[in-house]
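Okay, thanks for making time, everyone. Let me put the structure up, and then I'll talk through what holds my attention in it.

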Amino acid sequence: MKARGSTLVIASLGASNSYSQFGTSGSQHDNKREIAAFFAYVTHETGLLAVLLPEAIVAQSVADIVTPAFFDSIINQADGGCEGKNFYSRDRFLEAVNSYPQFGTEGGQDVIKREIAAIFAHFTHETGHFCYINEIDGSTRTFCDSSKTQYPCVPGKAYFGRGPLQLSWNFNYGPAGLSIGFDGLGAPETVANDPLVSFKTGLLFWMNNCHSLITSGQGFGATIRAINGIECNGGNTAAVNARVGYFTSYCNQFGVSPGDNLNC
């Protein structure tokens, strides 16, 4: 027979699933304080829960899921001579995440794990396991769309792919610079020189274009279309399959099913 406290633990875990923002909306320390405060009141009011551990229902944070071992398992596949080898790091990624508090905190633990698996699948594919900072042969093109007059290209500057999601084109560098706080049009190379800015550009694009696709259950395939839709509908089946392969592998590592709609 289960002890009464055990039954209450199970009930608490089940109830928390209906309120996905509980214990997930702030930093890990804030989440623990919120849960501790909640149980302090419950314990006082009922006198029954003094032995329960608040950690029992603490949702895993992004840092808990993106462990050093997970991050290293990706970047260690990059050749020692890769430019990104000493550029990208777990610490800078987690520091960048602090600027986007909705990333990896919404939709319950399965959704959170899928979102993290998804963004790292795209990071892996776009950078060759964090090997590349700059797009291969990107410097041979300017990636300037002069019709986007709101974000005029600066003479001598090129807007080829840089960073973990390969930020490209003047009309993307301009808004990214304004949002993050760097000269996106006048100094696009900042994305390749500052790892924190680099990760922030990836997270900014993700939050604007992919986050809701995962949290609403549209599936990984929808994120492929958002990031590089030209690959979809047979445009580059090998690339799509590679992205899906990384995603399913990371989901397996996190102990969550990849869900439906994997392809685009």
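Predicted model: local features only at pLDDT ≥ 70, side-chain atom pairs only at ≥ 80, totals over all residues.

The sulfurs of Cys 144 and Cys 153 sit 2.0 Å apart. Cys 144 is partly exposed at 30% relative accessible area, and Cys 153 is partly exposed too, at 23%.

How many disulfides does a search of the whole structure find? There are 3. Take Cys 82 and Cys 131, with 2.1 Å between the sulfur atoms. Here the S-S torsion is about -85 degrees, so that disulfide is left-handed. Cys 82 is in the loop between helix H4 and H5, and Cys 131 is in the loop between H6 and helix H7, so the bond ties together parts 49 residues apart in sequence. Both of these cysteines, Cys 82 and Cys 131, are buried.

Then there's Cys 232 with Cys 264, sulfurs 2.0 Å apart. That disulfide is left-handed as well, because its torsion is about -95 degrees. The pair spans 32 residues, from the loop between H11 and H12 to the segment after H12. Cys 232 is buried at 5%, while Cys 264 is partly exposed at 21%. Number the bonded cysteines in sequence order and the pairing reads 1-2, 3-4, 5-6.

Okay, charges. The structure has 4 salt bridges. The bit I like is a network of them linking Glu 126, Glu 231 and Arg 243. Glu 126 reaches Arg 243 with the closest N and O atoms 2.6 Å apart; that goes from helix H6 to helix H12, 117 residues apart. Glu 231 meets Arg 243 at 2.8 Å, N to O. And are these buried or exposed? Glu 126 and Arg 243 are buried, and so is Glu 231.

Compare that with Arg 92 and Glu 95, a salt bridge at 2.8 Å inside helix H5, about one turn apart. Arg 92 is partly exposed at 30%, and Glu 95 is at 34%, also partly exposed.

Phe 103 touches, among others, Val 62, Ile 116, Leu 203 and Met 207.

Methods:
Residues numbered from 1 in each chain as written. Heavy atoms only, no water. Contact = heavy atoms within 4.5 Å. Salt bridge = Lys/Arg side-chain N within 4 Å of Asp/Glu carboxyl O. Helix = DSSP H or I, 4+ residues; strand = E, 2+ residues; numbered from the N terminus. Buried < 20%, exposed > 50% of the residue type's maximum accessible area, 1.4 Å probe, protein only. Disulfide = S-S within 2.5 Å. Lists of a residue's contacts leave out its neighbours within four places in sequence.
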